[in-house]
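Here is a short briefing on the fold and the charged pairs. Please keep the sequence and the model open while reading.

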Amino acid sequence: MTGCVEVVLVGLEQVDCHKPRIGLGNRGILQQGIMFMRRNNDLGGQPAGKIDRTEVPIQPWHQRLDAMRRVLGDARRRLITLDEMRRAMEDLPREQYHGLSFFNRRVTAVETILVEKGVVSREEVDRELAKIMREAGGADDHDAD
Amino acid sequence: MTTMQTDNKPRFALGSRARVRDLGLSGHVRVPLYVRNKLGVVVDYCGPRLNPEGLAYGEDGLPKRDLYLLRFRQADLWPDYPNQTDTLMIEIYDHWLEPEDADAR
């Protein structure tokens, strides 16, 4: 098959598809005719523009998040695999995937996986978040890089 | 739980040519669109590994899949690529590969 890359670049719609399901694997053969979809992370060959090489300073919550993820995924707990992290991030709506910072994508993925597995509920997370925001006087620096 | 092909001889010999299949799977896979249906050379065998397509959904990732390192000519991957000697290396799982002569496309 020649000229494949051009075929790939033309007319591919994001099929905003599946809600994560545990256990069953939400994958399947796509109907013939749909071909395949381009996942958010599958960017090879796409027009990209200029690369922003600004260094982003590491913040304490970045480190805390990474430590948490590793602890949750260690040999004793096995609650989060790197593959689940990737899947949860790739499944984000396109605008979110590209709009969120590196660490915000990850914190979102951790939440998604823990909610899927019933470790925490979305309501608990929202409640805690609201409490923290109140205590911080309403300042929302959650999106800070 | 079953294990498969862990002790078997790898299907592709080093130096042999293999084509990346397009399995049309949705969900998390580790095979970017730009290598699908492309012909590459097997340059390393990385052993049987848990399948990320299962691990990504909370499954056990079994049966393990053989993982290979493949080398492609950049000129085979991109239209009008100017340099004929540049290469790209990528790891691909066995079930995404077929022998060069599997079927005429």
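Buried means under 20% relative accessible area, exposed over 50%, and partly exposed in between (1.4 Å probe, protein chains only). By that cut-off, 26% of the 145 residues of chain A are buried. This is a predicted model, in which local features need pLDDT of at least 70, side-chain atom pairs count only at pLDDT 80 or more, and totals for chains, interfaces and linings use all residues. Residues are numbered from 1 along each chain as its sequence is written, chains are lettered from A and ligands numbered from 1 in written order, and side-chain values use heavy atoms, without hydrogens or water.

**Fold and surface of chain A**

- Chain A contains six helices and zero strands. Helices (H or I, at least four residues) and strands (E, at least two) are DSSP runs, numbered from the N terminus.
- The order along the sequence is α-α-α-α-α-α.
- Take contacts (heavy atoms within 4.5 Å) between residues at least 6 apart in sequence: in chain A, 64% of them join residues at least 24 apart.
- The accessible surface of chain A is about 9,900 Å², and carbon and sulfur atoms hold 54% of this. Accessible areas come from the Shrake-Rupley method with a 1.4 Å probe; for residues, only the protein chains shown count as cover.

- Side chains of opposite charge can pair when their charged atoms come close.
- The whole structure has 13 salt bridges over all chains. Each is a side-chain nitrogen of Lys or Arg within 4 Å of a carboxyl oxygen of Asp or Glu.
- A:Arg70 pairs with A:Asp66, with the closest N and O atoms 2.9 Å apart. Both lie in helix α2 (residues 60–72) of chain A; they are four residues apart, so about one helical turn separates them.
- A:Arg70 is exposed at 53% relative accessibility. A:Asp66 is partly exposed at 29%.
- A:Glu116 and A:Arg87 form a salt bridge at 2.7 Å, N to O. This pair links distant parts of the chain, 29 residues apart: A:Glu116 sits in helix α5 (residues 102–116) and A:Arg87 in helix α3 (residues 82–90).
- A:Arg87 is buried at 0% relative accessibility, whereas A:Glu116 is partly exposed at 22%.

- B:Glu100 pairs with B:Arg17, with the closest N and O atoms 3.1 Å apart. The two are 83 residues apart: B:Glu100 is in the segment after β5 (97–99), and B:Arg17 is in strand β1 (residues 17–20) of chain B.
- Both partners are partly exposed, B:Glu100 at 35% and B:Arg17 at 40%.
- A:Arg39, A:Glu90 and A:Asp91 belong to one network, joined by salt bridges that share partners.
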